[in-house]
Amino acid sequence: MAEVTTAQAAEILSTTQRTIQRRVDDGHLPARRQGLKQTAFIDLDTLRAFATEYGYRFDEAKANAVTE
């Protein structure tokens with residue numbers, strides 16, 4: 001199960017990190033929070049499904065580059 005940060009998710013969907021953070025905060029994009037700073041980690045399959053549902057373009061090449 002590959003996970004990405006909100007910054008990486010934003011890059012994969014060609015949007016801003018703030019947009020991803022808002023979608024995590026409002027519950028539209030499930031994420032796992034970890035550490036004192038509560039860093040959000042998003043499963044790639046969840047991000048792919050989110051992109052399909054909300055009309056974002058999921059860049060497979062960027063996703064593969066991030067997870068390698």
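Start with the core. Select I12, L13, I20, I42, L47 and F58: these have the most contacts inside the largest nonpolar core, which counts 16 residues. Next, colour α1 (6-13), α2 (17-25), β3 (39-43) and α3 (44-54); each of them supplies at least two residues of this core. In soluble globular proteins, nonpolar side chains tend to be buried together. Keep in mind that this is a predicted model.

Now centre on L47. Which residues does L47 touch, leaving aside its neighbours within four places in sequence? Show V4, A9, I12, L13, L29, I42 and F58: L47 is in contact with each of these.

Switch to cartoon view. You will find 4 helices and 3 strands. Trace the chain along its sequence and the order reads β-α-α-β-β-α-α. Contacts reach across the sequence too: among those between residues at least 6 apart, 49% join residues at least 24 apart.

Zoom out to the whole chain. The C-alpha trace spans about 30 × 25 × 20 Å along its principal axes. Does the radius of gyration point to a compact globule, or away from one? A compact globule of 68 residues would have a value near 11 Å, and the chain has 11 Å, so the two agree.

Finish with the surface. Of the 68 residues, 29% count as buried. The chain exposes about 4300 Å², and carbon and sulfur atoms supply 48% of that area.

How values were computed: Residues are numbered from 1 along each chain as its sequence is written. This is a predicted model: local features need pLDDT of at least 70, side-chain atom pairs count only at pLDDT 80 or more; totals for chains, interfaces and linings use all residues. Side-chain values use heavy atoms; hydrogens and water are left out. The radius of gyration is taken over C-alpha atoms; the globule rule is 2.2 Å times the number of residues to the power 0.38. Buried means under 20% relative accessible area, exposed over 50%, partly exposed in between (1.4 Å probe, protein chains only). Contact means heavy atoms within 4.5 Å. Accessible areas come from the Shrake-Rupley method with a 1.4 Å probe; for residues, only the protein chains shown count as cover. A nonpolar core is a set of buried Ala, Val, Leu, Ile, Met, Phe, Trp, Tyr and Cys residues joined through side-chain atoms within 4.5 Å.
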